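Please look over the chain shown below before reading on.

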Amino acid sequence: MSLFLRRYGAHPVHLLVMACCFTVAGYAAVQLLMGRTVAVAVWFIGAALLHDLVLVPLYSAADLTAQTALPQRRDRAGLSVGRRGLNHLRTPVVLSLLLLLVWFPLILRRSAPYHQDTGLSDSVYLDRWLLITAGLFAASALTALVNTARRRTRRRRLRASGKADG
């Protein structure tokens, strides 16, 4: 076992899981490319170009704007603490936009064949996406409040014990 760990660098279960993942991905690629190879290739190239040329500059600019809008404070060790809460904003925004990206035809009711193919209505997706988005922001705000309370409690304990603020 130690020889395997030295040679491979991880537990054998890791190798097994990776082999399974590549098998499933290969099967999915073969199924996806059967029949509509050109359409799939155009979609992948278009998605890569849209992401790299349009979306990356947009969300990079939005993140930089959010960083500059927040005050930058430093603690006694010189670490930035003013922008600590930015991740509590980034996480629900990214997850909500990811859900919108995946489900936008149904959320925006732009999937005409959906009702014909499934017999189900697409009228509930916008409301559900909005509820999920609100839940993500609420969970993130709760996490931020808990983290803030923990930091304050830790600071009080450190001050009471006479140690430096960290």
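**Surface and charge**

In this predicted model, the protein has an accessible surface of about 13100 Å², and carbon and sulfur atoms contribute 68% of that area. The points below go through the charges, the fold and the loop residue.

- The protein carries 21 positive and 7 negative charges, and the mean position of the positive charges lies 16 Å apart from that of the negative ones.
- Of the 166 residues in the protein, 9% are buried, a class that takes in residues under 20% relative accessible area.

**Fold and overall form**

- The secondary structure consists of six helices and zero strands, so that, read from the N terminus on, the order of elements is α-α-α-α-α-α.
- The protein is more spread out than a compact globule, because its radius of gyration of 24 Å is well over the 15 Å that the globule rule gives for 166 residues.
- Taken along the principal axes, the box filled by the C-alpha atoms is roughly 70 × 55 × 30 Å.
- Among the contacts in the protein with a separation of 6 or more, 28% are accounted for by residues 24 or more positions apart.

**A loop residue with positive phi**

- R109 is located in the loop that runs between α4 (86-107) and α5 (112-118).
- The phi angle of R109 is near 55°, which is a positive value in a residue other than glycine.
- R109 counts as partly exposed because its relative accessibility is 47%, a value that falls between the 20% limit for buried and the 50% limit for exposed residues.

Conventions: Residues are numbered from 1 along each chain as its sequence is written. This is a predicted model: local features need pLDDT of at least 70, side-chain atom pairs count only at pLDDT 80 or more; totals for chains, interfaces and linings use all residues. Side-chain values use heavy atoms; hydrogens and water are left out. Helices (H or I, at least four residues) and strands (E, at least two) are DSSP runs, numbered from the N terminus. The radius of gyration is taken over C-alpha atoms; the globule rule is 2.2 Å times the number of residues to the power 0.38. Buried means under 20% relative accessible area, exposed over 50%, partly exposed in between (1.4 Å probe, protein chains only). Contact means heavy atoms within 4.5 Å. Accessible areas come from the Shrake-Rupley method with a 1.4 Å probe; for residues, only the protein chains shown count as cover. Lys and Arg count as positive and Asp and Glu as negative; His and the chain ends are not counted. The place of a charge is taken as NZ of Lys, CZ of Arg, CG of Asp or CD of Glu.
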